[in-house]
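The sequence and structure are shown first, and the description follows.

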Amino acid sequence: MSGSAPLDKNSLNGSFPGESSKARALMIAAPASGSGKTTTSIGLAAAMGARGLDVAVAKTGPDYIDGSFLGRAAGSYPVNLDPWAMGSARLRSLAMSHGRGADFLLVEGVMGLFDGAADGNGSSADLAAALGLPVILVADAAGQSHSIAALVSGFCNWRADIKVSGLILNNVASSRHERILKDALESVDIEIVGSVPRQLDLEIPGRHLGLVLAGEIDGIDGLVRRAGRLVANHCDLDRIFALARPMMPEKPALASVSSGRKNFCPLPPLGQHIAIARDRAFAFFYRHWLYDWRNSGARISFFSPLNDEAPDEEADAIFLPGGYPELFAEQISMAGNFLAGLSGAAGRGVLIYGECGGFMVLGKTLTDGDGRTYGMAGLLPHDSSIASPRRILGYRSLVHDSPLPWAKNLCGHEFHYSIGSSHSLPALFGARDATGRDLPPMGAMNGRVLGSYAHVIDACTDEGGLALHEAGGQ
């Protein structure tokens, strides 16, 4: 099949979405991490775009980094759809809003199809069930022949509330290997929509929080084009598009989607004019916050600490997102305009909120991976260090009594290798992990300067009522 021919939008089953209808949507998932779903998703987004479709992209769960590659391939911003932290109404509203005006909504899964948080909830399968998404399974065929049938059959039949509609075989060694795999799969009720050979030049580099951000890779656009050609040449794009389905607006969440979140209340804006740090050091930000805040009438402005830009003096709130400040600690420590702007804003009573990397920058010092220590904003009393990294990872149920204009109970995620020192200020959050286990209080509050290692995802209301204790320092 030609990689350049446009899709015949009108010949496919069902109505083709336009400005006033819904995008066809599907999920790319896999039996496990490392199966090739990110490269496949990048390639599929690029290939669909090259054939004339407007593509919207989304990432399952809290991952910021994979979404940056999807966005690069699609030429549009990604959104995170998190079935652990968000209720089905929130998920549906976000997905349908994000896909509005697009032809195709591609949702990349996370980890293995049925892998979720420590409590077993929040998997890609949960999201597929909540949104009625068909699933295309990407199976790594390396080192397998007939066993592929047992693997694929198990994933197709594990849960009755999701539909694995198609299969892409990845890392196929030869035409003979492909024939053996397809013969073995004849007994499995699954349509094979792609058979992709091993491709060693599509390796995406990584660092301590996962992949390197798309914008940091020299030749990223060439990599995206190669992935697009690979998928176009070895997958049936017409069949994949035909297997996608418009999301049904009234489809109820099924019983197996058991995160317990119910109707959502979007996070209110931090202020009426929010200045947000945005550059390579402050790159982790959820797009649905921008949707919520702009829909609430808030003004958003951006500034770059790495370019020594100060936040807008007219802003009544400043947000320092997470990212990689440890890679730019010296540059940040020398950004006099930025640091003076933060100090001046704190003196005026502006709400200043930092998450993870932003929290590190609000502290006194930051020690990088080489053991070199640099001065930071000094608005909170902790020191941060990545000299002896220790991975801390997981979903968090959070409770707070702070100047943040948000619901008392929040859902978030923690993923960092740096360590913060102890301090005497009140903690920002009381916290539990996904299983309900109590965790030490998180972060610090100094008047209207606030921060913690948690990345807040959404307001959190359980069906039974979230009963977090008032943790120490609250």
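## Helix packing

Helix 1 and helix 2 cross in a right-handed sense, a crossing being right-handed if the near helix is turned clockwise from the far one by less than a right angle, and left-handed if anticlockwise. The model is predicted, local features need pLDDT of at least 70, side-chain atom pairs count only at pLDDT 80 or more, and totals for chains, interfaces and linings use all residues. Residues are numbered from 1 along each chain as its sequence is written, and side-chain values use heavy atoms, with hydrogens and water left out.

Helices (H or I, at least four residues) and strands (E, at least two) are DSSP runs, numbered from the N terminus. Helix 1 (residues 37-50) packs against helix 2 (residues 65-74) at an angle of about 20 degrees, and their axes are 7 Å apart. That makes the two helices roughly parallel, a term for angles under 35 degrees. Axes are lines fitted to C-alpha atoms, for helices over the stretch in contact, and angles run from 0 to 180 degrees between N-to-C directions. Helix 1 contributes Thr38, Ser41, Ile42, Ala45 and Ala46 to the contact (heavy atoms within 4.5 Å), and helix 2 contributes Asp66, Phe69, Leu70, Ala73 and Ala74.

Two strands pair if DSSP finds at least two bridges between them.

| Strand pair | Bridges | Residues standing opposite |
|---|---|---|
| Strand 18 (residues 392-399) and strand 19 | Eight bridges | Ser397 and Cys411 |
| Strand 19 and strand 25 (residues 455-459) | Four bridges | Leu410 and Ala459 |
| Strand 21 (residues 429-433) and strand 22 | Three bridges | Arg432 and Asp438 |

Strand 19 (residues 409-416) is largely enclosed by the rest of the structure, because seven of its eight residues are buried. Buried means under 20% relative accessible area (1.4 Å probe, protein chains only).

## A buried loop residue

Ala244 lies in the loop between helix 8 (237-243) and strand 10 (245-246). Ala244 is buried, with a relative accessible area of 0%. Residues up to four places away in sequence aside, Ala244 touches Arg24, Ala25, Leu26, Phe104 and Pro134. The C-alpha atoms of Ala244 and Ile136 are separated by 9.2 Å, although these residues are 108 residues apart along the chain.

Notes: Angles under 35 degrees count as roughly parallel, over 145 as roughly antiparallel, 65 to 115 as roughly perpendicular and the rest as oblique. Buried means under 20% relative accessible area, exposed over 50%, partly exposed in between (1.4 Å probe, protein chains only).
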